[in-house]
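Please look over the sequence and the model before reading on.

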Amino acid sequence: MTEVWGSPRPGAGEVRQAPGSPCWTSLLAHDLEAIQDFYGGLFGWAFYSPGPRRLGPYVRATVDGRDVAGLGELAPGLRLPTAWTTYLASDDADEAAEWIRCSGGTVGVGPLSAEDAGRLVLASDPAGAPFGVWQGQKLTGAQLTGVPGTPAWHELVTRRASAVAGFYRALFGYDVKPADAARSAHSPADSPADLDPADHLTLQLDGRPVAAIRGVGAALPREQGPHWMTYFEVADTDAAALRVVELGGRVLRPPHEAPAGRVATVTDPEGAVFTLLRTSR
């Protein structure tokens with residue numbers, strides 16, 4: 001679980017992520033200052049601005065001085081729902097964007113350069129789940145994993161996993177396996193009894209699980225639709241869930257045991273959904 005993105009690196013730009021690896025996670029919020037207070041209070045994140053941003057105000061969140069996530073601010077008057085976006089690594093964002101357009105997906109933003117950090121695309125898969133494509137240059141991805149406050153896992157929650165698995169497999173060359181083959185060690189999600197366990201798939205690169213797709217059918221929240229879920233490592237899931245509420249967020253699913261640890265699904269004050277995970281050790 002702690003190495004779904006490979007070993008931690010001493011600095012950005014030193015190791016390029018394998019195409020298809022979840023390499024970054026980012027949130028666009030309406031009130032950047034307030035949302036920094038929430039996540040700083042929850043995860044102990046510190047923040048800095050990497051410089052002028054062509055897409056608007058943006059900061060990087062750090063743990064022990066190392067980049068772990070990004071927070072940006074939506075343009076005033078743009079009333080879009082806030083959500084965490086998973087970025088998948090690519091060696092060629094332009095080629096990936098063209099492939100997405102030709103394969104039933106939708107490109108909403110890009111390809112465009114984010115200064116010298118890299119080149120990005122914001123897209124949706126054929127079922128409508130938003131995701132990002134990141135061609136890293138100076139910023140190749142998160143610099144730290146496996147400690148509290150860092151992204152630990154990414155899972156696509158959709159109506160039917162088999163309906164979109166082929167899209168991601170063709171785009172990034174994943175080996176797609178039934179989740180039962182690896183979920184006990186790598187997937188933190190648990191499957192309620194009324195869901196089809198066969199519709200839970202693991203995405204692997206070079207034999208290593210990097211993400212998952214879970215089909216939940218009619219149980220998919222109507223207000224969210226298909227979406228990528230980010231799991232953040234915490235030292236104590238129960239304490240972190242209480243802290244979420246203290247800071248103005250909500251608990252959607254209380255702390256409970258799952259195959260890879262203790263999890264809780266929560267939202268920040270603007271409604272962005274994410275999962276807290278205390279990995280079993």
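Strand E1 (residues 22-29) is mostly covered, with 7 of its 8 residues buried, where buried means under 20% relative accessible area, exposed over 50% and partly exposed in between, for a 1.4 Å probe and protein chains only. The model is predicted, so that local features need pLDDT of at least 70 and side-chain atom pairs count only at pLDDT 80 or more, whereas totals for chains, interfaces and linings use all residues. Residues are numbered from 1 along each chain as its sequence is written, and side-chain values use heavy atoms, with hydrogens and water left out. Helices (H or I, at least four residues) and strands (E, at least two) are DSSP runs numbered from the N terminus, and two strands pair if DSSP finds at least two bridges between them.

E1 pairs with strand E5 (residues 84-89) in the antiparallel sense over 5 bridges, and tryptophan 24 has tyrosine 87 in E5 as its bridge partner. With E4, E1 pairs in the parallel sense over 4 bridges, and alanine 29 stands opposite glutamate 73 in E4.

Glycine 72 is placed in strand E4 (residues 66-73) and counts as buried because its relative accessibility is 0%. Leaving aside residues up to four places away in sequence, glycine 72 touches Leu27, Leu28, Ala29, Leu32, Pro57 and Tyr58, a contact being heavy atoms within 4.5 Å. Arginine 60 is 12 residues from glycine 72 in sequence, and their C-alpha atoms are 8.7 Å apart in space.

| Strand | Partner strand | Bridges | Residue pair |
|---|---|---|---|
| E6 (residues 106-114) | E7 (residues 118-124) | 6 bridges | alanine 114 and glycine 118 |
| E11 (residues 200-205) | E12 (residues 208-215) | 6 bridges | glutamine 204 and proline 209 |

The hairpin of E6 and E7 has 3 residues between the strands, and glutamate 115 in this hairpin takes a positive phi near 50°.

An open sheet of 8 strands has the order E10-E11-E12-E9-E13-E16-E15-E14, with mixed pairing. Strand E10 (175-178) and E14 stand at the edges, each with a single partner strand, and therefore one side of each is left without a neighbour in the sheet. From one strand to the next the twist averages 25°, where axes are lines fitted to C-alpha atoms, for helices over the stretch in contact, and angles run from 0 to 180 degrees between N-to-C directions.

Helix H1 (residues 32-43) lies across strand E13 (227-233), strand E15 (261-267) and strand E16 (273-279), and runs at about 10° to E16. Helix H5 (residues 237-246) also packs on the sheet, where it touches E14, E15 and E16 and makes about 10° with the direction of E15. The axes of H1 and H5 come within 9 Å and cross at roughly 155°. That makes H1 roughly antiparallel to H5, a term used for angles over 145 degrees, while those under 35 count as roughly parallel, 65 to 115 as roughly perpendicular and the rest as oblique. At this crossing, Phe38, Gly41 and Leu42 in H1 meet Ala240, Arg243 and Val244 in H5.

In strand E14 (residues 250-258) lies histidine 256, which counts as buried because its relative accessibility is 15%. The side chain of histidine 256 reaches the backbone oxygen of proline 254 at 2.8 Å.

How values were computed
A polar contact is a pair of N or O atoms within 3.5 Å; within protein, one must be able to donate a hydrogen and the other to accept it, and residues adjacent in sequence count only if both atoms are side-chain atoms.
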